[in-house]
Amino acid sequence: MNTSLRLAIAALLCVTAVGCAKKAVKQPPSSGGGTDSSSTAGGGTESGGYTRDSLNTDSCLRQRVIYFDLDRTEIKSEFQAQIACHSKFIRQFPDFAVTLEGNADERGSREYNLGLGERRGNAVQSALSSAGAPGNQLNVVSYGEERPTCKDHSEDCWSKNRRVEIVYTKN
Amino acid sequence: MPANSVIRIASLLLCLLGTAAQAQNPAPGPGLSSDVPTIVINEGRASALPITVVPFAFEAAGAPGDTDVGDVVRMDLARSGKFRTLDKKDVVEFPSRGGDIKFPTWNLLKQTYIVVGRMSDAEGGAMRVEFELFDVPKQERLLGLAITGQRSDLRGVGHQIADLIYEKIIGVRGAFWTRIAYVTASGVSPNINYALMVADSDGYNPQVLVRSREPLLSPAWSPDGKKLAYVSFERGDSAIYLQEIATGSRQVLSNKKGINGAPAFSPDGSKLALTLSYLGNPDIFIMDLASRETQRITNHFSIDTEAQWMPDGQTLVFTSDRSGKPQLYQVSAAGGDATRLTFQGEYNARPSVSYDGKSFAMAQGTGNVYRIAVLDRSTGSGVMRSISPGSVDESPSFAPNGSMLLYAATDGPRGVLYAVSADGRVRQRLVLADGDVREPSWGPFRQR
């Protein structure tokens, strides 16, 4: 990888970090190469190690929403692979912080739903921790029913809103 | 907005005309825009008292303003559910003084009460509004008073007159001259603008108190009506703010890790009940507002939230899912064991307590239908009754006299507010904004 590209990446990271201190890195800067050796320190040496760009390219890591059944906080088996790959990535890159945004559907009271969203966020946090993600990189924020992805009064829509979003922030 | 007022009044008349057709039907009639306030009568009003409010005579200099004080009084009394007001178009004579009332006319129209009044100039450009209330069958004057107010506050004068009439006839202080707080959201995600609003109890005179790009919720009035506590996400996570309404000055009351939610002032205003989750899960705490020290009240692995004070300030009622689904519990404000309050309904949350501590309103869920229910504990173990049609109704808030409630509902994707009589028989949608409206909170009595 040539030096100018590295500089460009560094500049982008700086802009991200300075310009919006706590904003999510939804689209990390994409680099052409997959051999960024500077980021593999600390756990990145195990087989199948990720690069930073894997957040954008890896099919598992690109899945960042975990859905829940009504009034439930258990993580369904279909999301175990997602938990595993994110744990691995988080452990590999200690400079990423992860916010787990808990959400609930519209039914019932807003304050209770804040509690429900937090409970779901906590469930994902403990699942990630159990799978090896360091706890100091994980933070839970509950938005309750305040951030719906759709607003129809139907189970189809409600099921999309009962979710935890995994949001990466570059420290 | 004179044209708007005319439309509003016209729609009310239309709606009342259509009362028979609308019985049991909450939808506005055809031809009525969903943007005009309509009063919906859910059941026969056999017990509602017939009253005529004659349009008040304008005897001041200049042209009458936009506000007909008589209309304000008539609308207030109608939506209380306690009165059946004579349609304005059926008012056939226009006395403005007690001596001018021809009682046989109003007896013929089967009216029990009649209100007459007149507006005249007062000092400093103010307006003096005199009114008299009569018992028609007895031909007896029950009230005769004058209230002076600014021309810009004639709606306020009307609400005060409605309060006095209500109190004279019903025997309970009226709560029309009060204010409400609520939250609006406009725009499309991710560019939603939130606002914390304060308005008159009927939705008129809305004022923006706070604007935010992040969610706002749970406005709570201080007992003196001068401050609001509320939850804002503007820092990224929930935090509780305290704001003076008159000056707009504000401060952060709580921004601990995790949830900072559900603020509620104690009846004496010295403390704030709140929900904090920084110790692991949401529990109820009480903050002393002078020292800012918090004391933990509940300690349970369940979600405990939405504390409200009983009127004596000794007990809190709150939502907890310690039995599985959310139910209402009560606990001493000094802490200790909680006892369960609600046993009917799968899901009961977000309590509002009436001023006498005998009625508890809540959001009640059964399957996918969420309605407002009121638990009346004035007799024995209590009677639960639902007072709204559903299906996504929430956030009930009692008027300070317990006669009515506000609650949030939806119209398609849009949030709307309703005012409903405490018995559920009369319901009115408040028109407050074009966007999403939610989180109503009825303020305390105002000082005259």
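This is a predicted model: local features need pLDDT of at least 70, side-chain atom pairs count only at pLDDT 80 or more; totals for chains, interfaces and linings use all residues.
View 1. The chain carries 5 helices and 4 strands, and walking along the sequence you get α-α-β-α-β-α-β-α-β. Take the contacts in chain A between residues at least 6 apart in sequence: 72% of them join residues at least 24 apart.

**View 2. Helices H3 and H5 of chain B.** Two packed helices are described by the angle between their axes and the distance between the axes. For H3 (residues 69-79) and H5 (residues 154-170) of chain B, the axes come within 8 Å and cross at roughly 45 degrees. That makes H3(B) oblique to H5(B), and the crossing is right-handed.

**View 3. Who meets whom between H3(B) and H5(B).** H3(B) brings B:Val69, B:Val72, B:Val73, B:Asp76 and B:Leu77 to the contact. On the H5(B) side, the partners include B:Leu154, B:Arg155, B:Val157, B:Gly158 and B:His159, along with B:Ile161, B:Ala162, B:Ile165 and B:Tyr166. Sorted by class, this contact has 10 nonpolar, 2 polar and 2 charged residues.

**View 4. Where chain A touches chain B.** Chain A puts 19 residues into the contact, and chain B puts in 31. Over on chain A, helix H4 (110-130) and strand E3 (138-144) each supply at least two residues of the touching side. H4(A) gives the largest share, 8 residues. By class, that side of chain A has 5 nonpolar, 5 polar and 9 charged residues.

Conventions
Residues are numbered from 1 along each chain as its sequence is written. Chains are lettered from A and ligands numbered from 1 in the order in which they are written. Axes are lines fitted to C-alpha atoms, for helices over the stretch in contact, and angles run from 0 to 180 degrees between N-to-C directions. Angles under 35 degrees count as roughly parallel, over 145 as roughly antiparallel, 65 to 115 as roughly perpendicular and the rest as oblique. A crossing is left-handed if the near helix is turned anticlockwise from the far one by less than a right angle, and right-handed if clockwise. Two residues are in contact if their C-beta atoms, placed from the backbone, lie within 7 Å. Ala, Val, Leu, Ile, Met, Phe, Trp, Tyr, Cys and Pro count as nonpolar, Asp, Glu, Lys and Arg as charged, and the others, Gly among them, as polar.
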